Amino acid sequence: MDLPSLVVILQGALSPNPSERKAAEDSLNQFQYAPQHLVRLLQIIVEGNCDMAVRQVASISFKNFIAKNWAPHDPDEQSKILPADKEVVRQNILNFVSQVPPLLRAQLGECLKTIVHADYPEQWPTLLHWVKHNLQDQQVYGALFVHRVLSRKYEFKSDEERLPVSHIVDETFPHLLNIFNRLVQIPAPSIDIADLIKLICKIFWSSIYLEVPKQLFDANVFNAWMILFLNILERPVPAEGQPTDPELRKSWGWWKVKKWTVHILNRLYTRFGDVKLQNPENKAFAQVFQRNYAGKILECHLNLLNVIRVGGYLPDRVINLVLQYLTNSISKSNMYSQLQPRLDVVLFEIIFPLMCFSDNDQLLWDEDPHEYVRKGYDIIEDLYSPRTAAMDFVSELVRKRGKENLQKFLLFIVEVFKRYDEAAAEYKHYRQKDGALLAIGALCDKLKQTEPYKSELERMLVQHVFPEFSSPVGHLRAKAAWVAGQYAHITFSDPNNFRRALHSVVAGMRDPELPVRVDSVFALRSFVEACNDLGEIRPILPQLLDEFFKLMNEVENEDLVFTLETIVDKFGEEMAPYALGLCQNLAAAFWKCMNSAEADEDGDDPGALAAVGCLRAISTILESVSRLPELFVHIEPTLLPIMCRMLTTDGQEVFEEVLDIVSYMTFFSPTISLDMWSLWPLMMQALGDWAIDFFTISDILVPLDNYISRSTAHFLTCKEPDYQQSLWDMISSVMRDENLEDGDIESAPKLIQVFFQNCKGQVDRWVEPYLTITMERLRRTTKPYLKCLLVEVVADALYYNASLTLSILQKLNVATEIFNLWFQMLQQTRRNGAKANFKREQDKKVCCLGLTSLLPLSADQLPGEALDRVFKSTLDLLVAYKEQVAEAAKEEAEAEAAEDDDDMGNLETDDEDDGDDSDGEMGVEDGDEAESNRLQRLAARARAFRSDEEFDDDDSDDDISDDEEMQSPIDDVDPFVFFVDTIQALQASDPLRFQNLTQALDFHYQALANGVAQHAEQRRVEIEREKLAKVAEAAAAAAAAAS
């Protein structure tokens, strides 16, 4: 396509007519891979005579195409851009980037970033030469712009990936220093000079971000740079040309230069200027920095802060960075000594005013309360906030230098309170009171553990905080709620004061001002956690939940959902009457948040985080009503649309949370419905397409296990879809994937075990395929833990059907190989003498059942010599299993005894522990422990599917966390009873074979066999006793329900 035709198509893309726009976009897509297309787009971008709108469309199309196609994600994929076209783009884009207007330069800059990251230095070795040459020529701006892109490539690189930085610095920094020096000396510099200095600062920042280049270790070179940075830091920005609009002013070029200068000096100070943090080769640099520059920078920063003390202007980000430097100086003796003479001025005339409610706060409160709330709870805003930096300074000051500063600062705050109380209403300094309350809240951790302040906290709250719940000023009502929440966990000598604060916070949820309602909800979370008598909240719970969801309809904030989770956690099963309504409200809130997040093009909408919070809260609700399975039937229709949609690519950001919900629904529902079964194909498709990471971390295995173990008949009989086939397709794909490390596929053998254990006697046709892929993977496995899991697949197959499994192993010519490996692994020990493999109780049990299943086989399949070896190995395993079970029981008893001691001690605890409630207050009564086991088992399922790195630690003596609570059909099989029954059956069916086996045993194994037999009989008695206890318990429960 020629140039004029391409211009016409781009003009069509701007048409207000949708059909014309669609036709233009289709044409662009049709010709995008044609030779020269990319080059012609670049020609249009730089063509000054072309319409600016067309050039902009061309630049966006150019940027998007390069981002998608310049460097294919798959290294084996062939590039869709011809090498000749790439070369033309590389040769021309460098010169064009400084010639085009800023709007187009931003697009070309993104393109340049993509190309540099992909091609430098291998495919673009001349790039650095071009930069160096043009730094000495007339194209300084273009050279600096490109240099900035180049330096950003290595900003976060370390070690070997960072090696090119040294060469780049060698070639360019001398020229950068000369340019910087010339620019700083220009009298009455223009805003264009600021843009050049800003680029130099950004290049320097990227070059030193992770490591100081060795060239800067030269004291003379580094000093030359520092002189220039200190010059920029000290001198005021030009008064001429400063915008009056606040938003434009803070992003004005000269303020940007100031910000980047402070940023660089902070980075040098915190990362490279602290002698204690440095490795030996950098220690000399740190010492020089501390001696020659740290103090000068502090002095400059203090002078800079003085500007705002006398009513001048500093951008918020600059104030924030300067205060960070001061905060980092508090712990260093020499720096603190320099700060000390001016500390009172800094603390009371700069820091405290920054903590007070401001004109900008009031403007935002009045004009956009939603934005006020968002900024107040946005972590990113905190990074740039002067108020947050001021709070951090005060907290660090009283933490590190509290002896000389805490009392002084608190006396100042008390004086603020006193002046406020004494003033008439029309003369009260409401904003100073707000700042004082903020300070008290920020220092809560220190005050709660420091006498004499600790003893005075309740009186302080009653006297200075509680009255503001009814303040005529909205921001003071909000601050009172926040401060009350900070101190909700202290011990109140008068319970009425706790009650008063709680009811004031609840009342705040109905305040006419949105920020007050939001702060009240967040404070409520602390009061619910601290509340020992739920009777205070129980009567108002319905109204409280109503107010909560009204607020959720107004504000999308994940912290709101945390409060709901806390309430649900605290009330447990008492939430049952509200569970369906809560899930419906949370589901509606989830869809609203998702729609908001999808509409937000910048990707920073709080709705995305709030959506995750909604799903977590739903899981908390499902957990709280887990002993009421009938509720799940009613909740399912509300949650099913979320699960269906979010198990597709639409739900990648919330996939883990949705899997948690699927786990609860498939584990606690009375049965797994056909609608819930419709999720299985979605999960399998996700695993095949994009969700493999969720397989490697085991998240998806809990619901898959639930489907197989709790709805086995449907899993086995349904052919449309064929669940058995889809399970095989997924597991075989994972097991055979050579790109997946051993640690990535541990979940696959665990799932095969679930399959064999739950489908015993019904899936003979799958035994050979699964054994085949197991042996294939075992041969190239190096990680001991995965080897154990793969051998356990063979053990489970033997337990499933020993005769069939052994014949298949012989058919595959691997029987000798696998048994030799198995017995070798059973014998391996670590350096400390402990067994190296099959460490968990469950591992040993599976091996016991598998080996025991071999014992009844005929001599044709299992010769006498092999029988003897299997018999002895099984005895050794059973003894080890018995010892491990006994040790675990002993540790559990000791832990319970220690817990009982702690509970007795807690009767005399101080305020730090008042928030720790007993299980009874969490909705689990002492008599309900047996019923709560079901919930524990679900949690154990998730734990059981996670790998244990300790299997790779040859010197570790730590016990592996077991998964005994994970439900499985083998739970009811006692390995000792199974072993003895099997031997007795052998004795009855083939007395001669039994006689030959037992007579060949030495004294040691005869003793072991007798001990195992005795323990088996003991276990029979215990099992019968447990059965009778369960029957009695069930009868008592039924009688209680009937009455």
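How many helices and strands are there in the chain? In this predicted model, the chain holds 51 helices and 0 strands. Taken along the principal axes, the C-alpha atoms fill a box of roughly 110 × 80 × 65 Å. The chain has 1043 residues, and buried residues make up 50% of them. Its accessible surface comes to about 48,100 Å², and carbon and sulfur atoms account for 50% of that area. Among contacts with a separation of 6 or more, 75% are between residues 24 or more positions apart.

A negative surface patch is formed by Asp-159, Glu-160, Glu-161 and Glu-211. Of these residues, Glu-161 is placed in the loop between helix H8 (140–153) and helix H9 (163–184). A nonpolar surface patch was also found, made by Ile-380, Leu-383 and Tyr-384, with an area of about 300 Å². Ile-380 belongs to helix H20, which spans residues 379–384.

Cis peptide bonds were examined next. One joins Glu-451 and Pro-452, with omega at about 5 degrees. Pro-452 is located in the loop that runs between helix H24 (444–447) and helix H25 (453–465). Another cis bond leads from Glu-720 to Pro-721, and its omega is near 5 degrees. The loop that contains Pro-721 lies between helix H39 (712–717) and helix H40 (723–736).

Positive phi values in residues other than glycine include that of Ala-188, where phi is near 45 degrees. Ala-188 sits in the loop between H9 and helix H10 (191–208). With a relative accessibility of 76%, Ala-188 counts as exposed, because the cut-off for exposed residues is over 50% relative accessible area. Asn-813 is not a glycine either, and its phi is positive at about 60 degrees. The position of Asn-813 is in the loop between helix H44 (802–811) and helix H45 (815–827). A relative accessible area of 67% makes Asn-813 exposed.

Lys-202 is placed in helix H10. When neighbours within four places in sequence are left aside, Lys-202 is in contact with Arg-148 and Trp-260. From Lys-202 to Pro-72 the separation is 130 residues in sequence, and the C-alpha to C-alpha distance in space is 29 Å.

Asp-434 is found in helix H23, made up of residues 430–442. Is Asp-434 buried or exposed? The relative accessibility of Asp-434 is 2%, so this residue counts as buried, the cut-off for burial being under 20% relative accessible area. Not counting residues up to four places away in sequence, Asp-434 touches Met-355, Phe-357, His-475, Leu-476 and Lys-479.

Notes. Residues are numbered from 1 along each chain as its sequence is written. This is a predicted model: local features need pLDDT of at least 70, side-chain atom pairs count only at pLDDT 80 or more; totals for chains, interfaces and linings use all residues. Side-chain values use heavy atoms; hydrogens and water are left out. Patches are made of residues with over 30% relative accessible area and no salt bridge: like charges are joined within 9 Å, nonpolar side chains (Val, Leu, Ile, Met, Phe, Trp, Tyr) within 5 Å. Accessible areas come from the Shrake-Rupley method with a 1.4 Å probe; for residues, only the protein chains shown count as cover. A salt bridge is a side-chain nitrogen of Lys or Arg within 4 Å of a carboxyl oxygen of Asp or Glu. Lys and Arg count as positive and Asp and Glu as negative; His and the chain ends are not counted. The place of a charge is taken as NZ of Lys, CZ of Arg, CG of Asp or CD of Glu. Helices (H or I, at least four residues) and strands (E, at least two) are DSSP runs, numbered from the N terminus. Buried means under 20% relative accessible area, exposed over 50%, partly exposed in between (1.4 Å probe, protein chains only). Contact means heavy atoms within 4.5 Å.
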